[in-house]
Amino acid sequence: MKDKISWLSVRSLVRLEMRARFGSRVDMTAKAKASKALSIIFTLAIYAVLVTGIYYLAEMFVRRSHMPFEFLVVAMTFTVCVTTIVAIGNVVKNLYLSGDNELLLRFPVNGREILISKSIYCFLHNVVINLLIMIPLCVIYGVVSSAPVGYYFVAIAVTLLAIPLPYAIANLLAIPVMMIMNLVKNQFLLVLILLIAAICGVFILYMTALSGVLEYMRDESESMFSPAVMDIFRNFANSAYPFRWYALLLGGWFSGYGSQAAGLSFLYLFLITAALCVGAYFVTSRTYYQIILNGIETEKVSFQKKIPNIKRSVFGTLLHREFFLILRSFNYSFQYLAMAVAAPVMVYYCNDLAATMGKNTVGAAIVPGLTLLVIIIFSAIIVSFASTSISREGNAFYHTKIVPVSYTTQILAKLFLYGAVGTASVVLSTVVVAAAFGTDKAGNLLTSLDIGCIFIISQMITMALTCLAIAADVKSPTFNVVGDGEMVSANKNMVVSLLVGIVVAALFGVFTMVFSFLPLQVGDVVIVPAGEMNNIYAILAGISVVILAGSIAALFANLERRYQKIAP
Amino acid sequence: MLTVTNLRKVYPKSDRVAVDDISFELRPGEIFGFLGQNGAGKSTTIKCLTGILPFEGGTIEVCGYDIQKEPIKAKMNMGYVPDNHSVYEKLTGREYVNYVADLYRVSKADRTERLERYLDLFKLRFAIDKQIKAYSHGMKQKICIIAALIHEPKLWVLDEPMMGLDPQSTAEIIAYMREHCAKGNTVFFSSHNLDLVKRLCHRVAIINEGHLIDCFDLAGNEENKANLEERFFKITGTYEKRLFEDYVAQEQEEMRPDMPAPESDGAEEKASDGVTTEE
């Protein structure tokens, strides 16, 4: 570790890192360009939603509730927390869990050079994330609070001062995070439970915040915060250090706090940031090399499980293997099992929000259609995982070809597993919405007929989407795996399956919503009078049966011949 | 045991015929070697006869069952060890063997007895309950072999089985190949190791650029044994008299180059002085 640092090597390593991240300068195909453009548009759309959310929050605090300073404290708390969490993930992923550490150590470069090169990338990433959050935040606050011109210059300085802090904290916290990750490495069930809790927690927080914003947008004349809530914000703003210092520095000087408070805030923040940066430098530079060496040495560490020799049926053993290969992968557990278990919670909150908004604007009759829409969308998200069921076999795909079991049986086992998980999720979601919206207390927004029909239709669509997802993967699997056989990333089949599911959900949902108000008619002939839900459900059930039959046919027709054609 | 007739395979989106008009037959109780250069078509042939790849022409019969018409019955009689040792790495060794045994409908008593025997034979008992992802290259090869043998197949197909194995494991596999054949079963394996093939196989086939060029006996035929290398080099178009003579000479002579004499420096002189003084 005491080798002299070659900045030429560092430069080469940084260039290598950048090439690996953003690709070399090769000509892209038109398809790749379109795909990249779509991805950028999607990211920009998400960003626009975030910025709009910040704008509404700023208006709520500053204009309606006259709490500009409190807004700044809350906003800086949010910014520092989010950027720190993102930075921890970035540091752990790129500094410690990066797959190329072993490769780089084979080159004539030392551990410090690798650390510096990777740190440069991580720091640049941190700068971009900070700027993406801080710039709209500062600009929106300035506009909403009609801040003087000087504010914008101060904002630039505060943004620059705020950038190193999350990165320094992330470097310090990454080490214990790595230790915890090593501790739970083979605790698959524990990790699954934690993942489910985390997904549900984040989702509930998000939906609660969204609900508040939408409520505010709906009725701006209504007072946003009660006096009790305003007191909570004021107390928080008075005691939330060091976030309060950022707020004092940023807007305190024109909000009546005086320049002395701003000066002291700068001093405190500067000292804290400097101390954390120096600490992070010493801790990381002293431990990094040992940690990555330890990571390489323990990469293959696995669990030991003593079981007796158990004889299962062919179908049972295929199911058992499929399930355990998913459960024993953090990646797959998160993508599939955690999402499947968390789906009913998500369905409840989405439906609650949509039903509240829809009921207030259009009427209660919209609720069954919304429920159908939400349940099918979440089912589509869950079953889209089935579209990698063949691809996930990876290098062991040949095994499916050599065993004396028909391909139909093997696919049936996969269909059974994904269908069962999808069904369980639909059942739970239906029970949750029935309990929430089908009671007298809730105003019987959903009747027994609604609940039964929503379940039957959602279930048929879930099975149909599962069949289509597996069929798509049989048609064009991509065996792109790394390490111990996990897929590099989701393949295009997953995106297609998801899109098909969302389109079906939208069509079914809108159909139910529209024809619960309007009559379904061709010319002057009324086929279904307005509001006759049993007829609407009968039509949708009929369409679902056709879709399900078509999907089953698409999956199983000539399956043996099509599967045999797959060449790994 | 295995009959390949006029096998022809063309990969999709490729003009090149990977395997063209290959025919051969394997008898019960023999070890059959399959030789060829890299890219000659050995692995393609093996993948066709194990059912991994579809093929355009010809037929393959395993124990009288056509691999295309009756694949389940044909596969039931076959055990395959791939060249890349790919297995389900998140399972433990025992889970994997049990999984394979279930698919081949092996009874609990049979699988227990066989697994115990193979664990001792291949010295894998210490790792059988660990996840396969922790296994070394050789251990993965061994678990593939155990899984391929758990149903005691009549035809045992191995694609370059000795690659990357330690000498002891190689010796164990060779011994088991002999034992397996002694029971009336057949072993079919591809290899680049001419010396091993010469010592182990009853018969051998040489494939070049997708065509089966030669198929001859080795057991009891000393002339064929002696000429194996020359025939291989000539068939594969790599025969050059000088290179071949070098190859033969290499088998007989030591190849170790002379090491340069160590340069004497002060330290060595000092050391030798020390030795001298002590003496």
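# A guided look at a predicted two-chain model

Visitor: Which residues touch the most other members of the largest nonpolar core?

Guide: Among its 149 residues they are A:I376, A:I382, B:Y96, B:I143, B:I146 and B:I150. Helix 17 (residues 448-475) of chain A gives the most to this core, with 16 residues. This is a predicted model, where local features need pLDDT of at least 70, side-chain atom pairs count only at pLDDT 80 or more, and totals for chains, interfaces and linings use all residues. Residues are numbered from 1 along each chain as its sequence is written, with chains lettered from A and ligands numbered from 1 in the order in which they are written.

Visitor: What makes a set of residues a nonpolar core?

Guide: Its members are buried Ala, Val, Leu, Ile, Met, Phe, Trp, Tyr and Cys residues joined through C-beta atoms within 7 Å. Buried means that 20 or more other C-beta atoms, placed from the backbone, lie within 10 Å of a residue's own. Another core, of 39 residues, lies apart and includes A:L57 and A:M76.

Visitor: Which residues is B:I146 in contact with, leaving aside its neighbours within four places in sequence?

Guide: They are B:V97, B:L115, B:Y118 and B:F122; contact means C-beta atoms, placed from the backbone, within 7 Å.

Visitor: Why are strand 9 and strand 10 of chain B said to pair?

Guide: Pairing needs at least two bridges found by DSSP. Strand 9 (residues 203-208) and strand 10 (residues 211-217) of chain B have 6, in the antiparallel sense, so they pair. Strands themselves are DSSP runs (E, at least two residues), and helices are runs of H or I, at least four residues, numbered from the N terminus. B:N208 has B:H211 in strand 10 as its bridge partner.

Conventions: Buried ≥ 20, exposed ≤ 12 C-beta atoms within 10 Å, placed from the backbone. Contact = placed C-beta atoms within 7 Å.
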